[in-house]
Amino acid sequence: MASNGSTTVGHPITCKAAIVWGPSEPLVIQEVRVDPPKRLEVRMKVLYTSICHTDLSAWKGENESQRAYPRILGHEAAGVVESVGEGVEDLKPGDHVVPIFTGECGSCSYCKSDMTNLCGDFRVNPLKSTMVGDGKTRFSAAGPTGGDPVPVYHFLNTSTFSEYTVLDSACVVKINPNAPLERMCLLSCGISTGVGAAWNTANVTEGSTVAIFGLGAVGLAVAEGSRLRGASKIIGVDINPDKFAKGEEMGITDFINSKECNKPVNQVIKEMTNGGVDYSFECAGNLDVLREAFISTHDGWGRTIVLGIHPTPRMLPLHPMELFDGRRITGCVFGDFKGKSQLPDIVDKCMKGEIKINFDGFITHELPFEEINQAFQLLEEGKSLRCLLHL
């Protein structure tokens with residue numbers, strides 16, 4: 001494995017990566033060639049990465065249209081810039097960075113708008129598996145039976161299950177070098193998505209009521225964001241009672257095990273909140289759950305935020321006339337944060353104690369990178385929120 005930037009800049013790097021060769025096949029730790037970054041690209045040394053349910057879904061190949069193999073998954077990480085390509089001016093070797101799966105070029109009409117955090121060219125696209133610049137990959141590796149190297153596909157603009165990865169510079173965020181990278185790793189996806197959904201998308205207000213459907217890492221990050229905003233009641237809904245203790249740590253005040261209810265969950269919530277919650281968050285990726293979340297909100301002003309990934313071809317389980325009751329529903333990508341321009345300030349405020357996010361509470365396991373398959377198993381079995389892998 002390469003050891004320092006001075007000897008690797010401009011040259012391919014051979015390192016270890018976890019490659020998935022087919023749906024649900026065990027990830028294979030093997031040597032991969034990582035090419036130098038091209039124009040407006042960055043090569044990053046990954047120091048920490050963790051596993052999200054989006055990685056789990058892609059590993060299983062749940063959405064056939066998004067399958068691309070062989071592939072390096074992973075999108076939640078932190079590390080150091082090894083080298084930069086031509087035209088990259090805001091980053092340099094040695095910078096501490098976190099990758100983001102939905103980029104920010106800063107110059108397109110989307111990035112200049114304060115109405116969206118999407119980017120025209122570098123927004124998240126699960127169908128994309130190559131670099132924007134030339135439509136090719138920067139990874140190659142020998143197949144399972146040997147032979148000539150074959151291209152290895154990228155994932156969600158990031159591909160962090162590798163000791164080195166290449167990203168578009170629009171997807172790399174420079175952060176305070178004093179911030180602990182093993183914690184800042186979680187800002188790549190889970191914490192930013194959930195906390196941002198509460199702060200930016202819903203704009204949860206002090207004294208308001210909240211219901212969260214699905215208490216994985218994103219759902220608990222919503223709870224954390226709602227707690228920090230001063231919500232008076234934060235209801236957690238899940239079928240796994242083991243998650244309730246961790247939920248209480250994150251600020252959840254009431255729990256509902258939907259398997260134990262003798263009436264629809266929305267009725268239970270309406271009875272608890274005098275007609276429904278002000279905000280509901282769907283974090284399960286299940287359309288039946290989404291309907292419960294929607295009708296659990298108060299008519300006249302209730303707002304539902306969709307955060308779950310839905311592989312099903314089914315459409316929204318709503319009738320248009322139901323929207324005339326004043327309830328609203330909207331999706332949320334990356335917590336509506338503009339990654340490159342807003343995350344550095346979040347990190348600085350965390351370092352100063354102005355924002356007190358419970359990063360440690362989300363990391364339930366830590367393992368060496370070589371045990372990545374065990375980390376996937378822990379997440380699939382519902383035993384971990386985030387398993388931090390040390391590269």
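Is D238 buried or exposed in this predicted model? D238 is buried, because its relative accessibility is 9% and the limit for that class is under 20%. The close-up views below begin with the salt bridge of this residue.

**View 1. Salt bridge between K243 and D238.** The closest N and O atoms of the two residues are 3.7 Å apart. D238, the acidic partner in this pair, is buried at 9% relative accessibility.

**View 2. Salt bridge between D254 and K233.** The two side chains meet with an N to O distance of 3.2 Å. D254 belongs to strand β12 (residues 254-257) and K233 to strand β11 (residues 233-238), so the bridge ties together parts that are 21 residues apart in sequence. D254 has a relative accessibility of 21% and counts as partly exposed.

**View 3. Salt bridge between K263 and E271.** Here the closest N and O atoms lie 3.1 Å apart. K263 is partly exposed, with a relative accessible area of 30%, whereas E271 is exposed, at 56%.

**View 4. A network of salt bridges.** The linked residues are K38, E41, D134 and R138. Over the whole structure, the search finds 21 salt bridges.

**View 5. Edge-to-face pair of F101 and F334.** The structure has four aromatic pairs. In the pair of F101 and F334, the ring centres are 5.4 Å apart and the planes stand at 80°, so the arrangement is edge-to-face. F101 is in the loop between β5 (96-99) and α3 (109-112), while F334 is in the loop between β15 (328-331) and α10 (339-352); the pair therefore ties together parts that are 233 residues apart in sequence. Both F101 and F334 are buried.

**View 6. Aromatic cluster of W59, F161 and F376.** Ring pairs join these three residues into a cluster.

**View 7. R123 over the ring of Y110.** The charged end of R123 sits over this ring, at 4.7 Å from the ring centre.

View 8. D148 is exposed, with a relative accessible area of 66%. Leaving aside residues up to four places away in sequence, D148 touches A141 and A142. D134 is 14 residues from D148 along the chain, and the C-alpha atoms of the two are separated by 22 Å.

Technical notes: Residues are numbered from 1 along each chain as its sequence is written. This is a predicted model: local features need pLDDT of at least 70, side-chain atom pairs count only at pLDDT 80 or more; totals for chains, interfaces and linings use all residues. Side-chain values use heavy atoms; hydrogens and water are left out. Rings of Phe, Tyr and Trp (its six-membered ring) pair if their centres lie within 6.5 Å; planes under 30 degrees apart count as stacked, over 60 as edge-to-face and the rest as tilted. Helices (H or I, at least four residues) and strands (E, at least two) are DSSP runs, numbered from the N terminus. Buried means under 20% relative accessible area, exposed over 50%, partly exposed in between (1.4 Å probe, protein chains only). A charge sits over a ring if NZ of Lys or CZ of Arg is within 6 Å of the ring centre and within 35 degrees of the ring normal. Contact means heavy atoms within 4.5 Å. A salt bridge is a side-chain nitrogen of Lys or Arg within 4 Å of a carboxyl oxygen of Asp or Glu.
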